[in-house]
Amino acid sequence: MAWWGRLFDARDARVRMVLLDLSGLGYLLFVPHSAPTPTSTQWTLAVAAFGVALVAYRRPVVNLVAQSALLAVAICLVDDITINQVGASWALLEVTMLAGRARTIWLAAGLLAVVDLTDSIGDPLRQVASGVVGLGLEVGVPVLLGLVIRANRELGRQALERALAEQRRRESEGRAARADERAAIARELHDVVAHHVASMVLRVGVARHVLTDLDPRVGEVFDDVHGTGSAALSELRRLVAVLRDPDGVRGDASLTAIEPAALPSALGAAVDRARQAGISVEADVDAAIGTLDAVRGLAVLRLTQEALTNVARHAGTSARAHLVVAVRDGAVHWEVTDDGGGVDGDRASTPVPAGGGHGVTGMTERVEVLGGHLEAGPAGTGWRVRTVLPNTLPAPRAAPASTGGSA
């Protein structure tokens, strides 16, 4: 049915007219007639009908009027009016399929019926009755076929509209469900996590001011804890704001953006915080990271923060770490390695701390969302985590993979 529906599509009216003209030409050349050959008048009327069909294929009403006029002339001048009858009937079919108003269809049918009945003027009553019955083929069939095509076309349009409406409804429900989930997460972050972090920051600040005779090194630790907690509160507030505003999220909360120009200083702050914790960090950061898109820029920052935190947690504060961030051909090459810090035991055999952790799992999911693959594992006496973030975002995945590793 696909070719059938396409044949009667409004965009293919010219194709229909060409096929109709070829059929008429074949009738004149190859079908036997009562006369040995078609007369010159019959050829003239047929060629005129062919030309009108091709010229007026975009104006079905004009085509019908012209074909009806040619039929009226043919009724008066020639015996075989088949070509002009078919041309007029087909023009009525085109009007029925494409007319915007029902009145146009019935006026067109009435015009062709009147023209066709002129052939019966002066004929005996039996021949007049036969002509009236013949209107069923010449007028009734085109109208009936055109109405069926119009109905099928309307049903197809309504089905498409229903499908689009259902798709919009599902998308709306999905957006509403994601908004509810984000709102619930935002409430938990604000009411539980942020509350406890704020309480710890407040107590550290109070202790810093109450205990005035502290060792300078302890004071530095207090200042670092207070600064880190304050920064964590700022990040939590920013995350809560993003979760409560779906328009501020690029498809997923993991894609929250950062200003590209702020990335170098943000990475520097992450490295400084790790050094304040006692880790010796060597950073090789490409100056081109300031030109990265916001999504990959945030991913690099979060990966760096998590990796350096894992070095302090697993290798100890005496470890030496090396951060590499390079941009090559638009792709971001990121790597963090450490020397193990002299920690006894096989670090790979205990990838998750006693309290449980999801650091590497979260890093893996963040990287895979951006089309990369995270590699995490032993490197000599220490540990290495690395990935390459491509310069194009992939299509969303159904379910991101999960990889075990150190938290």
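**Note on the predicted model: helix packing and burial**

1. In the protein chain, among contacts (heavy atoms within 4.5 Å) between residues at least 6 apart in sequence, 69% join residues at least 24 apart. The model is predicted, so local features need pLDDT of at least 70 and side-chain atom pairs count only at pLDDT 80 or more, whereas totals for chains, interfaces and linings use all residues. Residues are numbered from 1 along each chain as its sequence is written, and side-chain values use heavy atoms, with hydrogens and water left out.

2. The secondary structure of the chain comes to 11 helices and 5 strands, where helices (H or I, at least four residues) and strands (E, at least two) are DSSP runs numbered from the N terminus. Of the 407 residues in the protein chain, 34% are buried; buried means under 20% relative accessible area, exposed means over 50%, and partly exposed lies in between, with a 1.4 Å probe and protein chains only.

3. Helix α5 (residues 82-98) is mostly covered, with 13 of its 17 residues buried. The expected span of a helix is 1.5 Å times one less than its number of residues, and for the 17 residues of α5 this gives 24 Å, which agrees with the 24 Å between its end C-alpha atoms.

4. Helix α4 (residues 60-77) packs against α5 at an angle of about 160°, and their axes are 8 Å apart; axes are lines fitted to C-alpha atoms, for helices over the stretch in contact, and angles run from 0 to 180 degrees between N-to-C directions. That angle makes α4 roughly antiparallel to α5, a term for angles over 145 degrees, while those under 35 count as roughly parallel, 65 to 115 as roughly perpendicular and the rest as oblique. The residues of α4 that meet α5 include Leu64, Leu71 and Ala74, and among their counterparts in α5 are Ala88, Leu92 and Val95. The residues of this contact divide into 11 nonpolar, 6 polar and 1 charged, where Ala, Val, Leu, Ile, Met, Phe, Trp, Tyr, Cys and Pro count as nonpolar, Asp, Glu, Lys and Arg as charged, and the others, Gly among them, as polar.

5. The axes of α5 and helix α6 (residues 102-117) come within 9 Å and cross at roughly 170°, which makes α5 roughly antiparallel to α6. The contact is made by Gln85, Ala88, Ser89, Leu92, Val95 and Thr96 of α5 and by Thr104, Ile105, Ala108, Ala109, Leu112 and Asp116 of α6, and these residues divide into 7 nonpolar, 4 polar and 1 charged.

6. Leu267, which lies in helix α9, counts as buried because its relative accessibility is 2%. Leaving aside neighbours within four places in sequence, Leu267 is in contact with Val285, Ile289, Val300, Leu301 and Thr304. Leu267 and Val325 are 58 residues apart in sequence, and their C-alpha atoms are 9.9 Å apart in space.

7. Ala277 sits in the loop between α9 (263-276) and β1 (280-285), and with a relative accessible area of 37% Ala277 is partly exposed. The C-alpha atoms of Ala277 and Gly316 are separated by 9.6 Å, although the two residues are 39 apart along the chain.

8. In helix α11 (residues 359-369), the buried residues are Gly359, Val360, Thr361, Met363, Thr364, Val367 and Glu368. What covers them includes α10 (294-315), β3 (331-338), β4 (375-379) and β5 (382-389). After α11 comes Gly371, whose phi is positive, near 90°.
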